[in-house]
Every structure is written in structure tokens, then in C-alpha cells.
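Please look through the sequence and the three-dimensional structure shown here before reading on.

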Amino acid sequence: MLKIKNLHASIDGTEILKGIDLEVKPGEVHAIMGPNGSGKSTLSSVIAGREDYEITQGSIEFVGEDIMDLSPEERAHMGLFLSFQYPVEIPGVSVTNFLKTAINESRKGRGLEPMPAKDMLKAMREKMALLEMDKSFMSRSINEGFSGGEKKRNEIFQMAMLEPKLAILDETDSGLDIDALRIVASGVNKLRKKDNAIVVITHYQRLLDHIVPDKVHVLFNGKIVKSGDKSLALELESKGYDWIKEELTA
Amino acid sequence: MDILKEVTNSDYKYGFYTKIDSDKAPKGLNEDIIRFISAKKEEPEWMLEWRLDAFRQWQKMAEPNWAHVKYTKPNYQDISYYSAPKKKKTLDSLDEVDPELLKTFEKLGISLDEQKRLSGVAVDVVVDSVSVKTTFREKLAEMGIIFCAISDAIKEYPELVKKYIGTVVPKSDNFFAALNSAVFTDGSFCYIPKGVKCPMELSTYFRINEAGTGQFERTLLIADEGSYVSYLEGCTAPMRDENQLHAAVVELVALDDAEIKYSTVQNWYPGDKEGKGGVFNFVTKRGICERNAKISWTQVETGSAVTWKYPSCILKGDNSIGEFYSVAVTNNYQQADTGTKMIHLGRNTKSTIISKGICAGNSEGSYRGLVKIGPRAQNARNFSECDSLLMGNACGSHTFPYIEIKNKTAKVEHEATTSKIGEDQLFYCNQRGIPTEEAIALIVNGYCKDVLNQLPMEFAVEAQKLLEVSLEGSVG
């Protein structure tokens with residue numbers, strides 16, 4: 001599904017990612033953990049194709065294709081989804097209108113006809129129920145005046161609608177209270193399938209109580225310094241990131 | 001930043017030129033030319049005198065230069081002030097319309113045929129200076145509604161024209177209004193009788209069509225007591241190298257309890273990417289509201305090289321309402337100085353101003369607005385919201401709000417914001433599969449929603465398309 005080899009990336013001449021190797025297979029859930037400034041958000045931006053970053057070395061393959069030269073929208077059309085840590089507001093553009101445009105542009109990108117309005121509305125209703133969202137959501141301007149929890153729920157709602165092959169959830173748990181966290185996590189779990197995969201980027205273990213990962217990686221100073229199963233997350237939680245630092249410098 | 005740069009480079013899609021035979025006045029302006037125009041139009045003596053008086057006043061006036069725009073002042077002696085398609089016999093069907101003209105409309109996607117069939121809109125088509133065809137006139141006439149070329153109105157309804165022309169925008173109001181009063185060659189006249197709700201949207205499509213011809217439209221719209229009318233005005237112009245001067249005057253009269261909704265979509269040739277050519281649009285639009293009357297101006301301005309335009313309301317009658325909803329887009333080297341004046345004279349008068357400026361490329365966009373509350377205007381209310389959206393770093397956006405209050409009971413609110421289409425917004429859209437051009441269209445349409453919502457449905461769709469075309473290639 002996703003194959004990253006020796007990825008180096010920099011912004012304005014500063015190297016942030018210093019040789020990342022990561023392989024995610026269909027059906028898997030990976031967690032990437034790490035302290036602030038370790039390069040977690042850079043990694044998700046680079047995978048999604050943000051142009052501010054320069055890739056200096058390495059490769060990214062997605063569903064068997066080299067995606068390094070593809071635009072963000074082309075990657076999205078292939079089934080790559082990024083749930084933003086800070087979703088942006090677009091005043092005057094309703095959630096419905098935004099999603100309709102996103103879905104139909106993605107379909108166009110894949111050579112498909114636009115989705116009939118009736119089917120789209122039906123799907124929206126179903127997915128909103130899944131995330132316990134109110135109908136009024138659909139007509140609100142996207143992310144404008146949304147609470148932190150509403151923004152994150154809206155991200156997962158879009159993920160549900162776009163049905164990506166790979167979803168990267170960047171700090172989806174930040175800004176969520178415990179109830180919202182449970183709703184979002186159960187939404188994500190319901191979207192898990194054998195043929196799709198999820199990468200959860202998080203600072204804390206708590207989201208991983210709900211979305212249980214197959215593999216956990218620790219990102220530190222632009223490199224994955226440790227990988228393991230879900231128990232690694234628990235270990236990190238109890239020992240803190242200093243433990244990794246000490247281990248590395250030892 | 002490269003993604004943002006690509007959006008400024010599309011050519012004017014509506015740049016084409018229709019060959020229509022015309023007869024034309026020699027270049028220059030003097031009393032003889034005015035006599036020539038008046039004679040061509042077969043006008044009565046009083047109209048000629050009115051024009052000559054305007055011309056004499058104009059000669060004493062100076063071209064204004066207070067607006068935040070820079071341009072080479074036109075040589076008014078180097079313009080031909082009259083050009084008209086050759087007179088043809090009265091047209092009974094579309095078959096009789098000049099096929100060249102029909103082709104032009106097809107290119108614009110607004111063929112008369114389609115207009116008639118789909119939208120039930122009566123169209124008074126103005127190509128160059130003479131109305132070529134007036135549709136639905138008889139149908140409207142059954143209700144007592146008059147909708148015709150102003151030159152016909154001068155001959156057929158002289159009392160109405162004489163009573164109202166120049167009462168809202170006096171001949172000597174300003175340099176361009178005086179010029180227009182002297183030389184206007186056509187435009188529309190509309191009268192809605194007492195208590196009549198006009199059952200369809202009245203619409204005029206303007207075209208500037210003859211190289212080197214100034215265009216001087218004059219519109220006079222009277223809504224008698226308790227009547228209602230929605231009027232649409234839309235324009236596109238062919239691509240041209242030299243500057244084209246356009247100085248229109250629009251006068252609206254809303255008598256007691258009447259309501260006028262006046263919507264404009266303006267898409268004149270803005271000049272090329274280097275700022276060469278393009279239409280100069282110096283327009284005076286004003287309406288007067290009597291008791292309980294309401295005038296609502298909605299405009300989507302995307303064209304012209306230089307725009308100087310302030311659709312205004314004089315709220316003379318008690319409880320009258322004035323509204324101004326505007327989207328003004330400037331791209332490349334376009335300059336726009338536009339806004340409104342709300343003059344509160346009567347008691348309990350209310351006005352709303354929503355202005356959305358969008359600047360891209362090297363353009364300059366200014367909002368200039370006046371809210372004036374007279375001493376007798378007890379409990380007057382105004383709300384103004386002026387927003388600017390910038391694309392790139394080379395454009396400029398300015399706001400010049402003027403507020404004059406002479407009554408202590410007035411409440412005036414002014415809000416202003418400036419924002420930029422951010423890389424973050426674009427990346428967010430891109431990540432969801434929406435390419436940059438579509439993302440910009442989405443963001444801009446969202447930003448303009450409050451104004452677009454004021455437009456009649458089919459016009460709103462057209463306006464949305466126009467915004468997209470105008471901003472294609474504009475983020476940098």
C-alpha cells in the first residue's frame with residue numbers, strides 16, 4: 001500500500017526528515033508517535049504532496065506507484081486521505097458543497113461520472129449517523145465556527161465519504177474531549193476494511209486505546225528510531241519520550 | 001507559490017467582434033454633433049435643448065481625478081459619438097435578426113431563443129447604440145408596463161420621460177453624467193404602473209461593438225406607487241486594442257411603496273495581461289426612494305480596465321430602504337474604484353451595504369462609500385460590511401468609507417475585513433481531490449455568497465461562471 005524508503009525532506013534548507021523507512025500493508029493500522037518537533041506532521045504533509053517541502057532523497061510509493069511527481073489532488077484521486085491537525089475554514093462554502101466538489105473531482109480524476117445527487121445525500125446521511133453528527137452540519141460553512149471536536153469529526157466524516165485506500169490521521173485526538181474521542185475512534189474503526197489502511201499520527205497513547213494499531217513506530221529527530229507492536233505505545237506512555245532519548249544517546 | 005501563479009493567464013473568452021453595418025458620426029464633439037444625434041434619433045425639440053444645455057455645462061466641467069485610479073484621459077474630440085446598426089424593418093421573429101448578431105449571442109451562451117424559451121425573460125438587446133430588438137413588449141404592455149428603448153420612449157411617452165429624466169442624476173451632476181446627458185444614444189426605459197408587480201425579470205444585454213465608438217447608455221426606470229420590478233443588466237464586450245469609453249447614467253425612481261431590484265453583471269473587456277486596452281467604465285447610477293419604497297442594487301463587476309461606479313440611493317421618503325450588494329473583481333492591471341452612497345433624508349430609513357472586493361494580479365481595487373444621515377432622518381440605520389480578498393502580493397485593496405451624520409438618533413455600523421486565499425486553504429482543497437482552479441472558484445464563490453444570493457437564480461449561475469473565468473490564472 002505505502003512504501004517509503006530512505007526519505008529525506010527539508011523546508012527552506014532545513015532538513016526535517018532524515019531517512020524514513022516505512023511500509024504499510026492493506027488492512028493494517030500503523031501508529032507513528034513522537035515528541036513535538038520530531039517531524040510527524042512533516043511526514044504526513046510530504047506523503048500528501050505539500051509543495052513547501054523539498055524531497056532531497058528517497059522514494060514514496062503508493063499502491064505500487066511512485067507518487068513523488070504527482071500533485072496533491074492526483075494523490076487524493078488515487079485514494080490517499082489526510083485528516084488535518086488544523087482543518088482550515090472556508091467561509092461561505094457549505095460542508096455539502098465542499099464534499100460534493102471533492103467527491104466529483106475525485107471521480108473525474110478516476111474517469112467516472114459525477115455521483116447522482118440522490119446517492120450522495122443518502123451516503124451523507126448514513127455517514128453522519130455513523131459519527132453522530134447533526135443534520136445542520138451539512139449546511140454550515142466548512143470548519144467556520146466549528147469547535148475543535150466538530151472539526152475533527154468533520155475530517156473523519158469526509159474520510160468516510162471519500163473512502164480512501166490509505167488514511168493518515170494527523171493528531172486527530174488533539175482538541176477532542178473523551179466522548180468525542182470515542183465517537184471519532186469508533187467511526188474510524190467502522191471504516192476499517194481488509195483492503196484499506198490507516199496511519200495514526202499521535203503524541204499520546206489514548207487514541208490507541210480505541211484505534212488499536214498493528215504496529216507502532218517512534219519518530220525522533222526525523223528518523224524512525226524504534227518500531228514494535230501496540231505494547232510499545234504503552235511503554236512510551238509510562239516511560240515518556242525521555243526514555244527513547246536516553247536509549248539513543250546511551 | 002507556483003500553483004498560485006498559474007491562475008493569472010487566461011485570455012478574455014468573450015473577445016470577438018461582430019460585423020454589423022453601421023452608420024457613424026464623424027469624430028469629435030460640438031453642438032452640431034449633438035444636433036446630428038438628436039436628428040438621427042428623430043427627437044422632439046425639448047430633448048435637443050436638454051442635450052445642448054447639458055453639453056454647455058459639461059464644457060465648463062473638469063474630469064474628476066479623486067478616484068484611486070490612473071489612466072490616460074480620453075481625448076473627447078477623438079471619439080465618434082454615434083453609431084447605429086442600419087435600420088431594418090420591424091422584426092417579428094428571430095429569423096429576421098441579423099445572423100451575425102445571433103452568432104454573437106450564441107458565443108455568449110445567451111441566444112435570444114434560449115432566453116425566451118427557458119427563462120421567460122424579456123430582453124431588450126442593445127448592440128452599439130440602437131435597440132435591435134425588443135421582446136415581450138406587447139405582453140408587458142397588456143399590464144401597462146412600458147419597457148422599451150429610451151429613444152422610443154422619448155417619442156412615444158414624452159410626458160413621462162420629461163417628468164423624470166435628470167431628476168435623480170441632474171445634467172450637471174458630474175463630468176461623465178453631463179457628457180452622457182449631452183450625447184446618450186440609447187438605453188432602456190421602463191415604467192411600472194401603480195400596484196403592478198412585474199411578472200418577469202426585465203433584462204438588457206449591452207454590447208460595445210464598434211471600434212472607437214464611445215458608448216453612452218441612458219436608463220430610466222420608474223416604479224409607480226406600490227409596484228415591483230426586478231431588472232437585470234448584463235454586459236460583455238469584444239476584444240479591442242484601444243480604450244473604449246463608456247459613461248452610462250442609470251436613474252431609478254421608486255415612488256411610495258414601490259420596490260426596485262436592479263442587478264448587474266458586468267464583463268467588459270478588461271485589457272490584456274499587460275494592461276493594454278480595455279473599457280473605461282465611468283458610470284453614474286442612482287435611485288430615489290419615496291415613502292416606504294425600496295431600492296436594491298446588486299452588482300457583479302469583473303470587467304473594464306478602469307471602473308468608476310457608485311450605485312447610490314437617496315432615501316428621501318420615510319421608512320424607505322436602500323441596499324447595495326457588490327462583488328468587484330480586478331485582475332492583471334485592472335483598476336476599480338467602486339462603492340455606493342446612501343443618503344438618508346427621511347425618518348426610519350435603513351440601508352445595508354455589503355461589498356466584496358477581490359484583487360488579483362497587479363490590480364487595484366477600492367471601495368469608496370458614503371453614508372450620510374440628514375438632520376431630519378430620525379432613527380436612520382446603516383450597516384456596512386466591506387471585505388477584501390487578495391490573491392498574491394502585487395495587488396492592492398483600499399477602503400475609503402465616508403460617514404456624515406447630522407442626526408443623533410442614527411445608528412451606523414461599519415465592518416471591514418481583508419483576507420488572502422491561503423496556501424493552507426488551497427492545500428486542504430487539493431488534498432480532498434479538488435484541483436487548484438476549482439478550489440479557487442469554490443473559495444471565491446463562498447466568499448461572494450451573500451452577494452450572489454441576491455441575484456435572480458439564472459443570473460447567479462452566469463455570475464458564478466464569470467467569476468471563475470475572470471480569476472482563471474490569477475493567483476500569484
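Predicted model: local features only at pLDDT ≥ 70, side-chain atom pairs only at ≥ 80, totals over all residues.

**Confidence**
- For chain A the mean pLDDT is 92, and 100% of its residues reach 70 or more.

**The sheet of chain A**
- Chain A holds an open sheet of 6 strands in the order 6-9-10-3-11-12, with mixed pairing; strands (E, at least two residues) and helices (H or I, at least four) are DSSP runs, numbered from the N terminus, and two strands pair if DSSP finds at least two bridges between them.
- At the edges of this sheet are strand 6 (80-83) and strand 12 (223-228) of chain A, each of which pairs on one side only.
- Strand 3 (residues 29-33) and strand 11 (residues 215-220) of chain A run parallel and are joined by 4 bridges, and Met33(A) stands opposite Val218(A) in strand 11 of chain A.
- Helix 1 (residues 40-48) of chain A lies across strands 3, 6, 9, 10 and 11 of chain A, running at about 150° to strand 9; axes are lines fitted to C-alpha atoms, for helices over the stretch in contact, and angles run from 0 to 180 degrees between N-to-C directions.

**Where the chains meet**
- In all, 23 residues of chain A are in contact with 17 residues of chain B, contact meaning that the C-beta atoms of two residues, placed from the backbone, lie within 7 Å.
- On the side of chain A that touches chain B, helix 3 of chain A gives the most, with 5 residues.

**A helix pair in chain B**
- Helix 2 (residues 31-40) and helix 3 (residues 45-59) of chain B pack at an angle of about 150°, with their axes 10 Å apart.
- These two helices of chain B are therefore roughly antiparallel to each other, a term for angles over 145 degrees.
- Their contact includes Ile34(B) of helix 2 of chain B and Phe55(B) of helix 3 of chain B.

Key
Residues numbered from 1 in each chain as written. Chains lettered and ligands numbered in written order. Parallel < 35°, antiparallel > 145°, perpendicular 65-115°, else oblique. pLDDT = per-residue confidence, 0-100.
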